[in-house]
Amino acid sequence: MHPLEQLRDDALRDIESARDEQALEATRVKYLGRSGSVSSWGEQMKTLGKEERPIVGKLLNETRNAVAAAIEQRAGKLRSQKETEALEKIDISLPGTPSERGSLHPLTQMLDRSIDIFRRMGFALADGPDIDDEWHCFDALNTPPEHPARNEQDTFYLPDGRLLRTHTSTVQIRAMQAAPPPMRVIAPGSCYRRDEVDATHSAQFHQIEGLYVDEKVSVADLKGTLEFFMREIFGPDTLVQFRPHFFPFTEPSLEVYVKSKALKGGEQWIEVAGCGMVHPAVFEAVNKARGDKAYDPEKWTGFAFGLGMDRLAMILFDIPDVRLFAQNDLRFLRQFA
Amino acid sequence: MKFSVNWLREFVDLPKNAEEIAELLTRAGVETENIEARGAKIEKVIVAQITASSQHPNANRLTVCEVDDGSGTKRQIVCGATNYKVGDKVPLALPSAVLPNGLQIRKSKLRGVESEGMLCSPIELGLGEDASGLLILSSDAKIGAPIVDLFPGDTILDVEITPNRGDLLSHFGLAREIAALTGNKLRRAAKFDGAPGGRTLARGVRISAPRECPFYSAWKIDNVTVGPSPDWLRARIESVGIRSINNIVDISNFVMLELGQPTHAFDADKLKGGINVRIAREGEKFLALDGNNYSLTSENLVIADEERAIAIGGVMGGEETGVTESTRNILLESAYFLPATVRRMARNLNLPSDASYRFERGVDPQMILRASQRASELIREIADGNPAKEIAAAGELPANPADVSLDYNKCDQVLGIAIKSKTVDEILERFGLSKGEIRNQRKSETSTWEIPSYRRDLQRDVDLIEEVVRAYGVQKIAGTDRSRFTASSMADRWYDLESALRNGLLTRGFAEVRTSKLIPRHSIASGENAIKVRNPLSEDHVALRPSLLLGLLAVLDRNMRAGTEHVAIFELGRVFVPPTGKEERHFAILLWGNATGAPHWRTQTKRRLDFFDLKGAIASLPIKSLSFRRIENRNFALATEIRSEEQVIGVGGQLPALCTPALETPGSVLFAELQADLVLEEQKSAKTFREIERFPTVTRDIAMIVPEKMSHAEVLRAIEEPREPLLESVQLFDLFESQDGIAPGTFGKSLAYRLTYRDKNRTLTNEEVTVAHAKIRERLKRELSVTLRE
């Protein structure tokens, strides 16, 4: 064995037995330092014969590389050992640094979900004012003065004779006034009723109005649309039932009921919406206001619906009292974060 | 309206149980809201006669009755009612009886006096809603007989009748609907068909307001005996919630409940001269049957004799001419009043009645005289009356509704399914329509239909289509998918922008709130300008919010009371700007409390939220060229305008202590309100790519002592203007202020800035940075005379 090989083995053994970074550094200096035993072989080289020199030179290089690599490897190992020891002391059961998460109001969430679904079905959004006039809220919707369904008792009026809309159906009229058919819109918004406030009634609430006017729109289309919506909201197993009803501005008029095991009281039919085929008198009122025959009831048919967002949110989130929405107790809001 | 199933059964065969009836009706759009079983389970309750009554020795409000229960021995019963007299027959619940409300009757002592049973009121027996006293039975009730014999079991349906279906506001009407839906035969229909037998119409009443009252009839019935109604009549009307008054009034109510036509009986001897149906005189006084005095206007239609108004047409009769126990002769009114007139009157006088409810929905003209016929028959039978040979009448019955055409193709098209024209015809015929001519036009077939007098709501083809779908069953129409491409609208873009704005604050830990757009009286009391509603219902909803401030303060108040220590909320919604009520979308932020939530091992320092937290939150919003400028604002103690590209888009700051809720409020309330429209407007332009810097930066710090009054903005301007081309950004990283000055002999504050240098095309050398940095240092010393610290 060449003494260099002996030296290499000694060095590797020393490196391997270095317990910490200081010991390793001492070992490095001992072998590879300026006057270390490996380095000093460089001096000895000069004394060697011409033939021996390249062989020993090669061996010296290999030795130097092997020792350096071993030191590097040992250093890595020692570092990770030290890290492991430090980390072992950490109590990972300590609570994490808090990072506050905001919350969207449950009604906003309900509106967002609903709007998402209708947009996937090809509905665009439409908008109208909260303060409106009697014509948009009643007359144009086939509810003339003295009509039993024209419930002025339940309507808030402003001193100038305008009113706070009692339903978002006003936007049906405004949308049709603004553009000819085909028309496929939803209008989310606030409505107001002059009603005693209790667990299920509030003076101001939220609706999504829907309107689809096209050639040959039918009750079947209306059913398909709302059945799809209800199943998207309440789950694929939701049963949807349509029952004839009366609204002045639709004919036929229907009420929508759902039943789902996923909901509390899952054996009950719950009323969730009103809808129907747009009454020809509504088209006629729009035409009169437009001054044209764009919504010719002989050519176009349409369906309309109104969904109570507060009610849907109460059903979906199992919220017992509508007043919770306007109270904005953070303990309530954070439940829906 | 409440319906008795027994009563309905007189006219039509019904499904066996009430749930099936309810389901049948509900499926056809006549919603049954409640089903109530009555009377069926009253066992051990018998007819008893009160033979003596005396004051309870130990209780003022109780009496001790002696009753005859037919057993031969008298029973002693303690009783709380006062509406009886000795000799009355009343229901007696014997010991061990269980009443429908679950009450078990026992022999017991009440205030020291033995009671061997209980005398019952209608509500205790489930026979009506009257709880005011004992149920007084008719004098011919047999003592000892079970009460069930007098009141056989019944089921009461509470049915929601929609305003278009006035024809369903009677037992006959609902039975007719059920007959049409089931195909069962309608019984006794013929009895109510045709004009009153053997009677002729004669003059004797005058109609001065023919538009408001097209037809009026008055039938004199002499020698009536007014008294209590027989049990069956009383049971009938009480079962559906009408109180028994006397036989004449009860008969009038009975006929209304049976046939849907309200009638009214006047005491004929109290009338002065003939009837005139006229418009009321301005200020005319009228004492109605409800005991109230009404001052009438020319909006009101009255029935009058020669001297005064004796009834408000279709709404309510007068007190002075009402039927009483001493009435001998009556005048029975049956008429048609214009629905709109009745509705307006009932509403303006705030006097809704069972009669007005029916008149305003339109009664069946063909039922008017049939109803008087039915009433007169009952009066003859029950009250021994003698109807006159002639009925005094005036005016014309409203004409029958116009025929309606129906195109069978249109029916299919509206419903989205094909229904055979034969099926359509069968359905319509069952509803009482009769088919006239059929026209064939090219591909379609149209039939014309005669509409029955009681279905004025059937006016056009879609109304007939609704009848078809009601009877055919909506459930048989399968839903279809009618997708369509729709371009997004302006409203769509606004919605998306609003969502993005909300989500931005969400990630910063804010909670969204939605407060009521209607605000309470107390919040506008302080002189706040707001649009008020003309007819508020409660003090809580009086005006439309002019800003989001009041709503958010109320939320803060509520949550502080609930003990929260950190409030960071925002709202995005409409406000109504006085005086026009212009609708603007506003966006508001409110902050209060600790900067962090509950104490935590990682956040030792407890800091209160302050102005700069608000400023930081606003700065996180996507607002172009955001700047703030201090202003005076009476709503704020510390106020700043919020500007975007020099346009004012909102105001924010710290609210004065007074304005904050009446609570101990440690820490300041920070609030800002922005016009969302203006904020969102900015977002409409798309973002574009900017190259990512490839060369490294060099940073240098400057620390300085500046006079107390000198603002950060001044220092920043001196650093940035004129701009050193290599200077990329400036950051204030330390600020130290002290009352005593920051070092002996100095007064001011210490600021430290980090300046970042970069050239986007190459790596900077230390030398060029030093040169640029030195220039800035010089400028600070020269222009601001600040002391730079090494």
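**Predicted complex of chains A and B**

In this predicted model, chain B averages a pLDDT of 88, with 93% of the residues scoring at least 70, where pLDDT is the predictor's confidence in each residue on a scale from 0 to 100. Confidence in chain B is lowest in strand β11 (residues 200-202), at a mean of 66, and highest in strand β27 (residues 511-512), at 96; helices (H or I, at least four residues) and strands (E, at least two) are DSSP runs numbered from the N terminus. Where pLDDT is low, the predicted coordinates should not be read in detail. For the complex, the predictor gives an ipTM of 0.81 and a pTM of 0.80. Residues are numbered from 1 along each chain as its sequence is written, and chains are lettered from A and ligands numbered from 1 in the order in which they are written. Local features need pLDDT of at least 70 and side-chain atom pairs count only at pLDDT 80 or more, whereas totals for chains, interfaces and linings use all residues.

The contact between the chains takes 81 residues from chain B and 71 residues from chain A, two residues being in contact if their C-beta atoms, placed from the backbone, lie within 7 Å. On the side of chain B that touches chain A, the largest share, 8 residues, comes from helix α13 (residues 490-507) of chain B.

Chain A is divided into domain 1 (3-88) and domain 2 (106-336), with bounds from an automatic or database domain assignment, and the C-alpha centres of these domains lie 83 Å apart. Helix α2 (residues 21-32) and helix α4 (residues 52-88) of chain A pack at an angle of about 175°, with their axes 10 Å apart; axes are lines fitted to C-alpha atoms, for helices over the stretch in contact, and angles run from 0 to 180 degrees between N-to-C directions. The contact involves residues including A:L24 and A:Y31 of α2(A) and A:V67 and A:I71 of α4(A).

Two non-glycine residues of chain A, A:N142 and A:E146, have positive phi, of about 60° and about 75° respectively. A:N142 lies in the loop between α6 (134-137) and β3 (163-164) of chain A, and the place of A:E146 is likewise in the loop between α6 and β3. In chain B, a cis peptide bond joins B:P578 and B:P579, with omega about 0°, and B:P579 is found in the loop between β31 (566-577) and β32 (582-593).
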